[in-house]
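This briefing goes through one protein structure, topic by topic. The sequence and the structure come first, and the notes follow.

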Amino acid sequence: MRDGKFITLGIETSCDDTALALLEGPRDTIYDVISSQTADHSPFGGVVPELASRKHQEAFLPLLGALFDGAGMTPAEIDLIAVTAGPGLMGSLLVGVMAAKALTQAWEKPIVGVNHLEGHIFANILAHPRLEPPFLCLIVSGGHTEIVLARGEGKYLLLGATRDDAAGEAYDKAAKALGLGYPGGPVIERLARDGDSGAFDFPIALRDTKDVEFSFSGLKTSLRTTVGRLREERPGDELPVSDICASFQRAVTESLMRKVRLAVKKTKVTRVAVSGGVAANSSLRDALSSEGRNKGWDVFIPSRKYCTDNATMIAAVGYSAFMRGERSDLSLTPDPSWEIWEAAG
Ligand code: KG4
Ligand code: ZN
């Protein structure tokens, strides 16, 4: 406790960011720190799991010191440890969970395992105090593309997901095909600003199906084929990279928007939130905002910092779960494919 307020330490290591945060009560960030491994994975065009877990191990203790120093607090003041226990990369998750279990014993504080995707949903609840269930949430990250109906805290119905690649993965693979490094989303967004989004007609898979479902592998293949064709047709010429990026981005955004519209139509829920790394993308943010204005939806978009992986959202889920009576213990084990969705029907 600090000044009578409940303090949660959030720990996030599910992919390639080591992130720690101290949260006061349900939604006030005291301090947060993040150690990104982008530069380590960039030469490989994607996250290398073994490298990710080693980097988490190296980063963890210095980052924990920096967190408490920066906050001007001591571990004695915290009330709860919330740690991402899945889904994610096993080796990465293990580092956070093992560290959390060591700390829970050393500091004699309770521990609660948190689902990473629920964390992304909570990024919206953190940012928008007036966001009340039921609401739809489009989760778009490097590993996930899903639309869920949040019916209450801890109650999520999966309306649909991708059949193959995630939207963020599509950005990353497109960037790799264009030789732009990792992660792909931010660099494609930057280059797309100077491009013509109508220059190439990339496919929108499953555009008219009646199910909330996505597919991005055809788009990825189409981009690769286009790049190969251009290189063959114009050897020695520079690729029209900005036009390719803008057209690709348009196709991803339109694929996502079509199914958001369908989810609203099917559920009649018009509160629409978005989260995950791809929610940092301006084209998607703008499309959602303008659709919201046109259709009278209430659209919720977290600030960019809380779209990508962070530990504040993990602390917020941990706080909410703990207050509902949930507890983990030293038997907590990471689950790389942990699903929290209620069965449909
Ligand atoms: O949520 P996140 O930080 O990590 C996962 O849980 O996956 O999402 C990372 C993903 C990467 O695929 C990255 O390329 C994408 O989010 N991303 C973006 C942007 N910023 C990050 N995609 C499109 N536009 C962006 N500005
Ligand atoms: Zn994530």
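This is a predicted model: local features need pLDDT of at least 70, side-chain atom pairs count only at pLDDT 80 or more; totals for chains, interfaces and linings use all residues.

Residues are numbered from 1 along each chain as its sequence is written, chains are lettered from A and ligands numbered from 1 in the order in which they are written, and side-chain values use heavy atoms, with hydrogens and water left out.

- Helix α4 (residues 116-127) holds both histidine 116 and histidine 120, four residues apart, or about one turn of the helix. Helices (H or I, at least four residues) and strands (E, at least two) are DSSP runs, numbered from the N terminus.
- Buried means under 20% relative accessible area, exposed means over 50%, and partly exposed is in between (1.4 Å probe, protein chains only).
- Histidine 116 is buried at a relative accessible area of 6%, and histidine 120 is buried at 1%.

**Overall shape**

- The chain has 11 helices and 10 strands.
- The radius of gyration is taken over C-alpha atoms, and the globule rule is 2.2 Å times the number of residues to the power 0.38.
- For 345 residues, a compact globule would have a radius of gyration near 20 Å, and the chain agrees with its 20 Å.
- The C-alpha trace of the chain spans about 65 × 45 × 30 Å along its principal axes.
- Of the 345 residues of the chain, 54% are buried.

**Cavity**

- On a 1 Å grid over the protein atoms alone, a cavity is a set of points where a 1.4 Å probe fits but cannot get out, and lining residues have an atom within 4 Å of a point.
- Grid points are joined across faces, edges and corners, and a volume is the space filled by probe spheres set on the points.
- The count is one cavity of 30 Å³ or more, and the largest cavity holds about 30 Å³ of space.
- The lining of the largest cavity consists of Ile204, Ala205, Leu206, Arg207, Glu213, Phe214, Ser215, Ser255, Arg258 and Lys259.
- Ala, Val, Leu, Ile, Met, Phe, Trp, Tyr, Cys and Pro count as nonpolar, Asp, Glu, Lys and Arg as charged, and the others, Gly among them, as polar.
- On that basis, four nonpolar, two polar and four charged residues line the largest cavity.

**Backbone features**

- Proline 133 and proline 134 are joined by a cis peptide bond with omega about 0 degrees. Proline 134 sits in the loop between α4 and β6 (135-140).
- Another cis peptide bond runs from tyrosine 182 to proline 183, with omega near -5 degrees. Proline 183 is in the loop between α5 and α6 (184-192).
- Leucine 206, one of the residues lining the largest cavity, is not a glycine but has a positive phi of about 55 degrees. This leucine 206 lies in the loop between α6 and α7 (217-233) and is buried, with a relative accessible area of 17%.
- Glutamate 108 has a positive phi near 55 degrees. Glutamate 108 belongs to the loop between α3 (90-107) and β5 (111-115) and is exposed, with a relative accessible area of 71%.

- Alanine 192 lies in helix α6 and is buried, with a relative accessible area of 8%. Its C-alpha atom is 7.7 Å from that of isoleucine 244, 52 residues apart along the chain.
- Lysine 173 lies in helix α5 (residues 167-177) and is partly exposed at 24% relative accessible area.

Definitions and conventions: On a 1 Å grid over the protein atoms alone, a cavity is a set of points where a 1.4 Å probe fits but cannot get out, and a pocket is an open set with protein on both sides within 12 Å along at least five of seven lines; lining residues have an atom within 4 Å of a point.
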